[in-house]
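Here are my notes for a first look through the model. Open the structure alongside and take the points in order.

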Amino acid sequence: MTVLFISDLHLSPSHPEITDCFYRFLNDEAPVASALYILGDLFEVWVGDDDDVPLHHEVAAALKVLSDKGVAIYFIHGNRDFMIGKRFAKASGMTLLPEHTVIDLFGKPTLILHGDTLCIQDEGYQRYRKKVHNPFAQWLFMRLPLSYRKNIGSKIRKGSTESNQQKAEDIMDVDQGEVSRVMASEGVMTMIHGHTHRPDIHTFSIGNDLAQRIVLGDWYTQGSVLACTKDGCKLETRSF
């Protein structure tokens, strides 16, 4: 059996080619998998499960079809869609997981996460992240009218894009020391994450043991899939 991992699709109505590629993936490939893990940023922005964007309902329906075929679907929040809640998860037939989750991947304990918590050199982003993940702040946000939330989400997205253009590339990548620290604390030698949009398979040492960090790619110009079997994992691409 195959276990599939994807992240950073950033689905939005303005990029139907990405959505079409995702639907083909769900229809043609994912049904033969035992599980699909979505490691965050499935959507470009998410301001609440009550958002009336048709795309959100269509994606939920497509995921539910896959779930009804017997494929287990798991989701870890990203930095763009951390407000996805139980309502959307239920409609999609997927299970929400904690931001750091250890799974058994063919007998190998593996830590899966979105990856933004590893970018500790980006101190400005980490301060922002702490604020928006505050439960009380989220409670207040969800009590604003939907139109207000959409406006706030648009401004945050625009501000994030402008801010990232001014940052050095290494600041927005993971910190290797933090990677090793987190993996050691979780007792794993394998990690899978997204967020940085830098697909690769890294090998390094933690103490006397050989460790592996697999980075998922984004879907801006092509689909990006990590397919794992008992024989190993392979990063693959899908054409639009």
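**Notes on the sheets, the cysteines and the rings**

1. Start with helix H2, residues 54-68, which lies across S2, S3 and S4 and runs at about 135° to S3. Keep in mind throughout that this is a predicted model.

2. Now for the sheet under that helix. Six strands make up an open sheet with mixed pairing, in the order S4-S3-S2-S1-S10-S11. At the edges sit strand S4 (94-96) and strand S11 (232-238), each of which pairs on one side only. On average, neighbouring strands of this sheet are turned by 25° against each other, direction ignored. Helix H1 (residues 16-28) also packs on the sheet, where H1 touches strand S1 (3-6), S2, S10 and S11; the direction of H1 makes about 170° with that of S1.

3. Within this sheet, have a look at S2 (residues 35-38) and S3 (residues 72-75). These two strands pair in the parallel sense, over four bridges. To find the pairing on screen, pick Ile38, which stands opposite Phe75 in S3.

4. Strand S5 (residues 101-105) and strand S6 (residues 108-113) run antiparallel and are joined by five bridges. Leu105 is opposite Lys108 in S6. The hairpin of S5 and S6 has two residues between the strands, and Phe106 takes a positive phi near 55° there. S6 also pairs with strand S7 (residues 190-193), this time in the parallel sense and over four bridges. Here Thr110 stands opposite Thr190 in S7.

5. Next, the cysteines. The structure holds one disulfide, formed by Cys228 and Cys233 with their sulfur atoms 2.1 Å apart. The link is right-handed, with 110° about the S-S bond.

6. Cys21 counts as buried, because its relative accessibility is 3%. Cys119 counts as buried too, at 2% relative accessibility.

7. His195 deserves a click. This histidine is found in the loop between S7 and strand S8 (200-206). Its relative accessible area is 16%, so His195 is buried. The side chain of His195 makes a polar contact with the side chain of His114, at 3.2 Å. Not counting residues up to four places away in sequence, His195 touches Ser7, Asp8, Asn79, His114, Gly115, Asp116 and Cys119.

8. Last, the aromatic rings. A search of the whole structure finds 10 aromatic pairs. How do the rings of Phe43 and Phe88 meet? Their centres are 5.7 Å apart and their planes stand at 80°, so this pair is edge-to-face. Phe43 lies in the loop between S2 and H2, while Phe88 lies in helix H3 (residues 86-92), so the pair ties together parts that are 45 residues apart in sequence. Both residues, Phe43 and Phe88, are buried.

9. Phe136 and Trp139 form an aromatic pair that is stacked, with 6.0 Å centre to centre and 10° between the planes. Both lie in helix H5 (residues 135-141), three residues apart, which is about one turn of the helix. Phe136 is exposed, with a relative accessible area of 52%, and Trp139 is partly exposed, at 44%. Elsewhere, ring pairs link Phe22, Tyr23, Phe25 and Trp219 into a cluster.

How values were computed: Residues are numbered from 1 along each chain as its sequence is written. This is a predicted model: local features need pLDDT of at least 70, side-chain atom pairs count only at pLDDT 80 or more; totals for chains, interfaces and linings use all residues. Side-chain values use heavy atoms; hydrogens and water are left out. Two strands pair if DSSP finds at least two bridges between them. A disulfide is a pair of cysteine sulfur atoms within 2.5 Å. Buried means under 20% relative accessible area, exposed over 50%, partly exposed in between (1.4 Å probe, protein chains only). A polar contact is a pair of N or O atoms within 3.5 Å; within protein, one must be able to donate a hydrogen and the other to accept it, and residues adjacent in sequence count only if both atoms are side-chain atoms. Contact means heavy atoms within 4.5 Å. Axes are lines fitted to C-alpha atoms, for helices over the stretch in contact, and angles run from 0 to 180 degrees between N-to-C directions. Rings of Phe, Tyr and Trp (its six-membered ring) pair if their centres lie within 6.5 Å; planes under 30 degrees apart count as stacked, over 60 as edge-to-face and the rest as tilted.
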